[in-house]
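Here are my notes on the model you sent over, point by point. Keep the viewer open while you read.

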Amino acid sequence: MKIVLMVAEKPSLAQSIAKILSRGNMSSRKGLNGACSVHEFTGPFIGQTVHFKMTSVCGHVMTLDFIGKYNNWDKVDPAELFSKAPTEKKEANPKLNMVKFLQVEGRGCDYIVLWLDCDKEGENICFEVLDATLPMMNKPRGGEKTTYRAKFSSITDTDICKAMNQLGEPNHNEALSVDARQELDLRIGCAFTRFQTKYFQGKYGNLDSSLISFGPCQTPTLGFCVERHDKIQSFKSETYWVLQAKVIPEKDSCLTLEWDRVRIFDREIAQMFLNLTKMAKEAKVRLLAFFGHHTIQKMLRPWKECREEQ
């Protein structure tokens, strides 16, 4: 019986997908890294009965970094990081031994189905998984297709089964776009972080920071923070008026009603609404569904008094 390895992006997702595809009839065990489980069951696949092994990674398997000698801040000019410094792929979390785990589970498998998230990052992780597993899998015969990609938008029985019946291929171009973005983030972030940290520490000896970080993702976030700070600094308080009604349905009981308009900045208009409220002889109450039965019964008792005040 042939073996199909299926890989999701996180352990909880792998468990949910395996439970749906196996209809709950599966066995589970912990993987060698202790973080990922492997769920096994038997079922149909491209016209044959196969043994499925459903497991996962924990996000990105690999990360990008400069080679060792370029990580020395004192010996490397930050400008070199833009073009001269070579990069290399390293395990994103060495403690998880994710590459070894994938190699062990991929050994002897005939097919692989990638259940990574359906975005560019997911496509990139697809090829990280393939780099680890394909060398360990059985070699295909006669150009047989062995790699499949599942596309899904929700973890429901219908969507997962539909994805399984309409398997495609991972998108290499989208994966490469993530590689390019990662390299840009690394080069720009490291170069500017090192440059501005050295510059400001040399200029301001009492700078209360050992690292002044910079990154393309931080720039818009910093912009939001500055914009919010400017609004707070330039804020000028204004006088406003609020109408509030207190309803007393029975003795020793009071219900404070909030004005749907919340507040108004024109005193004359506020006075007009107050006068209209004072002229009212009764109030119409709409009860929301989350009130309990006894609470509703109590609120529906005849009201003895109704006061409106500013």
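**Notes on the predicted model**

1. The structure, which is a predicted model, holds zero disulfides. As for individual cysteines, Cys 190 has 22% relative accessibility, so it counts as partly exposed. Cys 217 comes out at 59% relative accessibility and therefore counts as exposed.

2. Now the sheet. Six strands make up an open sheet with mixed pairing, and reading across it gives the order β2-β3-β4-β1-β7-β8. The edges are taken by β2 (27-30) and β8 (147-149); each has a single partner strand, so one side of each is left without a neighbour in the sheet. From one strand to the next, the twist averages 25°.

3. Have a look at β1, which covers residues 3-8. Is this strand enclosed or open? Five of its six residues are buried, so β1 is largely enclosed by the rest of the structure. On one flank, β1 pairs with β4 (residues 48-56) in the parallel sense, over six bridges. The pairing with β7 is parallel too, over five bridges.

4. Some bridge partners, if you want to click through them. Val 4 has Phe 52 as its bridge partner in β4, while its bridge partner in β7 is Tyr 111. For Leu 5, the bridge partner in β4 is Lys 53.

5. On to β3 and β4. These two strands run antiparallel and are joined by seven bridges. One of the pairs to look at is Gly 43 with its bridge partner in β4, Val 50. The strands form a hairpin with two residues between them, and in this hairpin Ile 46 takes a positive phi near 40°.

6. Which strands does α2 lie across? Helix α2 (residues 98-106) lies across β1, β2, β3 (37-45) and β4, and runs at about 170° to β4. Helix α3 (residues 120-133) also packs on the sheet, where it touches β1, β7 (111-115) and β8. The direction of α3 makes about 155° with that of β7.

7. Helix against helix. Two packed helices are described by the angle between their axes and the distance between the axes. For α2 and α3, the axes come within 8 Å and cross at roughly 60°, and the crossing is right-handed. Which residues meet there? From α2 come Val 99, Leu 102 and Gln 103, and from α3 come Val 129, Ala 132 and Thr 133. What is the make-up of this contact in nonpolar, polar and charged residues? Four are nonpolar, two are polar and none is charged.

Conventions
Residues are numbered from 1 along each chain as its sequence is written. This is a predicted model: local features need pLDDT of at least 70, side-chain atom pairs count only at pLDDT 80 or more; totals for chains, interfaces and linings use all residues. Side-chain values use heavy atoms; hydrogens and water are left out. Two strands pair if DSSP finds at least two bridges between them. Helices (H or I, at least four residues) and strands (E, at least two) are DSSP runs, numbered from the N terminus. Axes are lines fitted to C-alpha atoms, for helices over the stretch in contact, and angles run from 0 to 180 degrees between N-to-C directions. Contact means heavy atoms within 4.5 Å. Buried means under 20% relative accessible area, exposed over 50%, partly exposed in between (1.4 Å probe, protein chains only). A crossing is left-handed if the near helix is turned anticlockwise from the far one by less than a right angle, and right-handed if clockwise. Ala, Val, Leu, Ile, Met, Phe, Trp, Tyr, Cys and Pro count as nonpolar, Asp, Glu, Lys and Arg as charged, and the others, Gly among them, as polar. A disulfide is a pair of cysteine sulfur atoms within 2.5 Å.
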